[in-house]
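Here is a short briefing to read alongside the model. Please keep the sequence and the 3D view open as you go.

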Amino acid sequence: MTLIDLNEAGPAAGNLRGYLAEPAGTGPFPAVLMIHEAFGLNDIARRQADRLASAGYLTLAVDLFSDGGSRSCLVSTMRSMLSGSGKALEDLATGQAWLENSGRTNGKIGVIGFCMGGGFALLIARNGFDAAAVNYGRLPRHPEEALLGACPVVGNFGKKDRTLPGAAARLEATLETLGIEHDIKEFEGAGHAFMNDAEEGPRPLRPLFRVMGIKPDPEAAVEAWQRIEDHFAKYLKD
């Protein structure tokens, strides 16, 4: 597993970095572009990338906060997600191009995102990907427009997630209307960030996060990960 410099990958890369998680063997492999949560490319995110690699996917987790850390980059990155344009989307396109030009893929590339990253995964699901996995991601402002022509989508949401009330139902209805293959599930007892394997965020705020339902749910996470692996195996593996 390697930290890589993406500065030469494309004109919009700037100081862009990423974490590359590589499967065992020589390949070629199905590939996955991974998009982290609002807390950045931390240990939890790297373990998620490693998990995908262990399932056989060449996984590149792009660090959207490469230019200055989460505090200075989060606001501009969230603005990019809400507007559907900007540097964050350019950085993700650079990561996608890096995978496509790596010479190590089987020609199939998926995208996966968590929380903030799930919102970005929805925004770029129609940009040449073969499958998308969206985990408690915010829907675009104009979902029917943004998701027109999207690749097949699997989505995992928590019913106790107070930050995204009704998001799973709205996403499913939108994909149904657009005729896009999808499998969306809202887990009854889970909240936001339930697929994390540890609590994250500033330690003094963690009790508040728990009250808001932002915490791991190991039982729901097992099923959610299996749904993702089944989805990616169907659309990305030869």
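Which side chain meets that of E223 in a salt bridge? The partner is K185, with 2.5 Å from N to O; a salt bridge here is a side-chain nitrogen of Lys or Arg within 4 Å of a carboxyl oxygen of Asp or Glu. Please note that this is a predicted model, in which local features need pLDDT of at least 70 and side-chain atom pairs count only at pLDDT 80 or more, while totals for chains, interfaces and linings use all residues. Residues are numbered from 1 along each chain as its sequence is written, and side-chain values use heavy atoms, with hydrogens and water left out.

**Salt bridges**

- Helices (H or I, at least four residues) and strands (E, at least two) are DSSP runs, numbered from the N terminus.
- E223 is partly exposed at 35% relative accessible area, and K185 is partly exposed as well, at 28%. Buried means under 20% relative accessible area, exposed over 50%, and partly exposed in between, with a 1.4 Å probe and protein chains only.
- Searching the whole structure gives 8 salt bridges. Side chains of opposite charge can pair when their charged atoms come close.
- Another of these pairs joins the side chains of R47 and D197, at 2.7 Å from N to O. R47 sits in helix α1 (residues 43-54) and D197 in the loop between β8 and α7, so this bridge ties together parts that are 150 residues apart in sequence.
- R47 has a relative accessible area of 37%, so R47 counts as partly exposed.
- K87 and D91 form a salt bridge too, their closest N and O atoms being 2.7 Å apart. Both residues belong to helix α3 (residues 87-100), where they are 4 residues apart, about one turn of the helix.

- Eight strands make an open sheet with mixed pairing, in the order β1-β2-β4-β3-β5-β6-β7-β8. The edges are β1 (2-5) and β8, each with a single partner strand, so one side of each has no neighbour in the sheet.
- From one strand to the next, the twist averages 20 degrees. Angles run from 0 to 180 degrees between N-to-C directions, and axes are lines fitted to C-alpha atoms, for helices over the stretch in contact.
- β1 pairs with β2 in the antiparallel sense over 4 bridges; two strands pair if DSSP finds at least two bridges between them. Within this pairing, L3 stands opposite Y19 in β2.
- Helix α1 lies across β2, β3, β4 and β5 (105-114), at about 40 degrees to β2.
- Helix α8 lies across β3, β5, β6, β7 (153-158) and β8, and runs at about 150 degrees to β5.

**T59 in strand β4**

- T59 is part of strand β4 (residues 58-63), and T59 is buried because its relative accessibility is 0%.
- Beyond its neighbours within four places in sequence, T59 is in contact (heavy atoms within 4.5 Å) with Y19, L20, A21, V32, M34, A49, L52 and A53.
- The T59 side chain also reaches the backbone oxygen of Y57 at 3.0 Å.

**Backbone features in loops**

- Most residues other than glycine have a negative phi, and most peptide bonds are trans.
- G27 and P28 are joined by a cis peptide bond, with omega about 5 degrees. P28 is in the loop between β2 (17-21) and β3 (29-35).
- Y136 has a positive phi, near 40 degrees, and lies in the loop between β6 (131-135) and α5 (143-146). Y136 is buried at 0% relative accessibility.
- A193 has a positive phi near 60 degrees and belongs to the loop between β8 (182-187) and α7 (206-211). A193 is buried, at 5%.

**Cysteines**

- The whole structure has 0 disulfides, a disulfide being a pair of cysteine sulfur atoms within 2.5 Å.
- C115 is buried at 18% relative accessibility, and C151 is buried at 6%.

Conventions:
A polar contact is a pair of N or O atoms within 3.5 Å; within protein, one must be able to donate a hydrogen and the other to accept it, and residues adjacent in sequence count only if both atoms are side-chain atoms.
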